[in-house]
Amino acid sequence: MRVSKLAPAVSYISFLALYFSFYTVASTSSNSLQNDFIKCLHQNTNVDFPLDKTFFTPERNASKFIEVLNSTAQNQLYLTTSMPKPDFIFKPVHESHVQASVICSKKLGIHLRVRSGGHDFEGLSYVSHIETPFIIIDLSKLRQVNVDIDDNSVWVQAGATIGELYYRISEKSKIHGCPAGIYPSLGIGGHITGGAYGSLLRKYGLAADNVLDAKIVDANGKLLDRNAMGEDMFWAIRGGAGGSFGIILSWKMKLVPVPQTLTVFTVTKTLDQDPGFKILSKWQQVADKLVEDLLIRVYFTIAGNNENKTVAMSYLGQFLGEKGNLMEVMHKNFPDLGLTQEDCQEMSWIESVIYFSGFPTSAPPPPEVLLQAKSPFGEVYFKAKSDFAKEPIPIIGLKGMIKKILEDEAALMVWTPYGGMMGKIPESEIPFPHRSGTVFMIIYYRSWSDTEERPDMRIKWTRELYSYMTPYVSSNPRQAYGNYRDLDLGQNSNNSKTSFKQAQVWGAQYFKNNFNRLVKIKTKVDPENLFRHEQSIPLLY
């Protein structure tokens, strides 16, 4: 009997011994990898990097490692304990460190991810679902911004945020701006690789349309500018999405003129105030045809609760000029909104940046708030998808759409009109192809907190709304915005041998006919597919 009672105990002890043996082997292997990487870095750069400030591992300091990992990750969904974690994080403090990182990753066969601002919707800059082990090269210490007003340009490093970029421009001039994104915590490195749009897109196009030069580390660890990389690669990195061609170190951006006085407004209408969708339908007819100095976006949110639950449609506008001129434009082209002088606020360009950034508008914070790297929305989990509308959505479509939105408690959908400069730039000018013929872009967005009991239902709702909208948006292919990455569209296989045929599906949705050119350039500049992730550009073969 004693022998039979001892058997389970012996088995359990054996299991523990096996477990800790495996853990020790894995930990030892990880430490060996780290040591080999550090040794290789020293061999390939002459610029020192203090380990306590640049190298973070769970073995050296677990709490600090998690702090750094979470520091700029914007989607908490990909920070849960079940998600794969990097073996270590390296924060370069010099350009040569990035070059050395590429050389060493290639030499040691380590899969790498690169993070500038951590805004990848699917977390691909800090999570790898297809390969382990992997490491993160975090560019947040490379954040210099050098504004040259005389040259109408600015050099900005990849780790800087657009909030920092805007703030530094405003320090030098009140009549210069940059047509990049809206939210200040966006990292400039990855942001521009997908196109990057904001409140100036109808006047000046995308940030990627206004890139003059760039510095990139290629698959061989070489530092290249526009002249050295050649026009094919320079074309590819401006809208061809990040993580495929190299590591962007900095962008040289064109500064654009902005008036000393801009006018902004927010006018909200509930379903009761627009019962027949007269206002929303008129917006669809005119928003992309208004003067290019005027941008009016529509935000759909839930208001009220229970029997008072409704959908609020907020029309957020920015006009490059004084409110008197804006009122003339609105009375002529969009009187249905009922905009009044009292709705309008005149302000500087940098104040308008803060207005649209998600900060309180009743008592807006000072411009220095743009220097903080965190999102004004706090730590959220979310799922998002995107679409492009080629024609106005009919009333029957709007009714079903609103019904679907009312099924949720915290839905968000945003419509951004095109036209203006966006319709004048050929779709093959850069990889971003969504140009003439696009009436507006749509983002479907659902966020939740860590107390949410059924996050799967929030994701399901987002997908269902996207499915419902199928008849009313672009088709063949159904287009999507590359910076709003969506793995529902498809992804590469679990190894470095990405499939061109497999990637054609989502590639056409993001890039249309430009995808084929991107693949040819990728095959030329990174034939070993060093820079890869779940939706990186594949090789031709």
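Student: Are Glu 534 and Arg 113 buried or exposed?
Tutor: Both Glu 534 and Arg 113 are buried, where buried means under 20% relative accessible area, exposed over 50% and partly exposed in between, with a 1.4 Å probe and protein chains only. Please note that this is a predicted model, in which local features need pLDDT of at least 70 and side-chain atom pairs count only at pLDDT 80 or more, while totals for chains, interfaces and linings use all residues. Residues are numbered from 1 along each chain as its sequence is written, and side-chain values use heavy atoms, with hydrogens and water left out.

Student: What do Glu 534 and Arg 113 form, and how far apart are the closest N and O atoms?
Tutor: Glu 534 and Arg 113 form a salt bridge, with the closest N and O atoms 3.0 Å apart. A salt bridge here is a side-chain nitrogen of Lys or Arg within 4 Å of a carboxyl oxygen of Asp or Glu. The pair links distant parts of the chain, 421 residues apart: Glu 534 is in the segment after helix 16 (514–525) and Arg 113 is in strand 3. Helices (H or I, at least four residues) and strands (E, at least two) are DSSP runs, numbered from the N terminus.

Student: How many salt bridges does a search of the whole structure find?
Tutor: The search finds 33 salt bridges. One of them joins Glu 171 to Arg 168, with the closest N and O atoms 3.2 Å apart.

Student: Where are Glu 171 and Arg 168?
Tutor: They are in helix 5 (residues 162–172), and because they are three residues apart, about one helical turn separates them. An α-helix has 3.6 residues a turn, so residues three or four places apart point the same way. Glu 171 counts as partly exposed at 47% relative accessibility, and Arg 168 also counts as partly exposed, at 31%.

Student: And what does Asp 408 form a salt bridge with?
Tutor: Its partner is Arg 458, and the closest N and O atoms are 3.4 Å apart. This pair also links distant parts of the chain, 50 residues apart: Asp 408 is in the loop between helix 13 (395–405) and strand 17 (411–417), and Arg 458 is in helix 14 (residues 455–468). Asp 408 is buried, with a relative accessible area of 2%, and Arg 458 counts as buried at 16%. Elsewhere, salt bridges that share partners join Glu 122, Lys 383, Lys 385, Arg 463, Asp 486 and Asp 488 into one network.

Student: At what angle do helix 13 and helix 14 pack?
Tutor: The angle is about 175°, and the axes of helix 13 and helix 14 are 10 Å apart. Axes are lines fitted to C-alpha atoms, for helices over the stretch in contact, and angles run from 0 to 180 degrees between N-to-C directions. The two helices are therefore roughly antiparallel to each other; angles under 35 degrees count as roughly parallel, over 145 as roughly antiparallel, 65 to 115 as roughly perpendicular and the rest as oblique.

Student: Which residues make the contact?
Tutor: Helix 13 contributes Ile 396, Gly 397, Gly 400, Met 401, Lys 404 and Ile 405, and helix 14 contributes Trp 461, Glu 464, Leu 465 and Tyr 468. Contact means heavy atoms within 4.5 Å.

Student: Changing topic: which residues of helix 3 are buried?
Tutor: In helix 3 (residues 62–71), the buried residues are Phe 65, Val 68 and Leu 69. They cover an arc of only 100° around the axis, which puts them on the same side of helix 3; the arc is that of the directions from the helix axis to the C-beta atoms. These buried residues pack against strand 1 (55–56), strand 2 (89–90), strand 3 (111–115) and strand 4 (134–138).

Student: In what order do the four strands form the sheet?
Tutor: The order is 1-2-4-3, in an open sheet with mixed pairing. Strand 1 and strand 3 are the edge strands, each pairing on one side only. Two strands pair if DSSP finds at least two bridges between them. Strand 1 and strand 2 pair in the antiparallel sense over two bridges, and Phe 56 stands opposite Ile 89 in strand 2.

Student: How many residues of strand 18 are buried?
Tutor: Eight of the nine residues of strand 18 (residues 440–448) are buried, so strand 18 is largely enclosed by the rest of the structure. Strand 16 (residues 381–389) pairs with strand 18 in the antiparallel sense over nine bridges, while seven bridges join strand 17 to strand 18, also antiparallel.
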